[in-house]
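Thanks for coming, everyone. I will keep this short. Please have a look at the chain on the screen.

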Amino acid sequence: SDLGYQTHALVDNSLLEQRNGYAAGFESFFQVSGLRFAFSLPGFRLLQAWTRRKLRERFPVYYYGAERLTDRALEVLDRAQTSDRPALVYVHYFDPHYPYYPHPDIAPDPPETEPVSLPHATLRRQGKLRESQFAFLKHRYETEIRHVDRHVGRLLDGWRADRKSTRLN
């Protein structure tokens, strides 16, 4: 901002909070917070998968996600183009981190995979992942990457469109 840029950050990581100093230097800092940090603690992962899913649905502060973060970032880009100052827009996605969520629109879980939850105590007790469990996690991780890639593409398309009509760099 000292060089004349408008500065905006959009963060979907519960650890990079404003109260921890991550908003320093940004004119605007967007992050859905609240219960997110509590939901990221190891004890939360001990809950059954359906319980975690229901809590995530009930409290959307837990998972904002690439689609909504991109929508919000595109709104910021639209507002930024009205300024005569160039813009720096930092967007921090968090989707491809455990727990990996399903994206059946990209690829449904293969039938030969075995759903698994990864609380540390379960892994210690079990010893290691079965091949079908590893295949499940690998598939979910890969679909999370493809999901984020789709939305980063949307963001870049929006940035390119705005850049043609304004001073976004």
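First, the ground rules. This is a predicted model: local features need pLDDT of at least 70, side-chain atom pairs count only at pLDDT 80 or more, and totals for chains, interfaces and linings use all residues. Residues are numbered from 1 along each chain as its sequence is written, and side-chain values use heavy atoms, with hydrogens and water left out.

Now the fold. The protein has 6 helices and 3 strands. Both are DSSP runs, numbered from the N terminus: helices are H or I with at least four residues, strands are E with at least two. The order from the N terminus is β-β-α-α-α-α-β-α-α. Of the 169 residues, 38% are buried. Buried means under 20% relative accessible area, exposed means over 50%, and partly exposed is in between (1.4 Å probe, protein chains only).

Next, the sheet. The 3 strands form an open sheet, ordered β2-β1-β3, with parallel pairing. Two strands pair if DSSP finds at least two bridges between them. β2 (28-31) and β3 are the edge strands, each pairing on one side only. Strand β1 (residues 6-11) is joined to β2 by 4 bridges. There, L10 stands opposite F30 in β2.

On to helix α4, residues 65-80. Its 16 residues should span 22 Å at 1.5 Å a residue, and the end C-alpha atoms are 22 Å apart, which agrees. The expected span is 1.5 Å times one less than the number of residues. Among the buried residues of α4 are L69, L74 and L77.

Which residue does R154 meet in a salt bridge? It is D71, at 2.3 Å, N to O. R154 sits in helix α6 (residues 131-165) and D71 in α4, 83 residues apart. A salt bridge here is a side-chain nitrogen of Lys or Arg within 4 Å of a carboxyl oxygen of Asp or Glu. By that rule there are 7.

A second one joins D109 and R140 at 2.7 Å, N to O. D109 lies in the loop between β3 and α5 (120-126) and R140 in helix α6, so the pair ties together parts 31 residues apart in sequence. D109 is partly exposed, at 30% relative accessible area. R140 is buried, at 12%.

Last, the surface. L3, Y5, L88 and Y90 make a nonpolar patch of about 410 Å². Y90 belongs to strand β3 (residues 87-92) and is partly exposed, at 35%. Patch residues have over 30% relative accessible area and no salt bridge; like charges are joined within 9 Å, and nonpolar side chains (Val, Leu, Ile, Met, Phe, Trp, Tyr) within 5 Å. Areas come from the Shrake-Rupley method with a 1.4 Å probe; for residues, only the protein chains shown count as cover.
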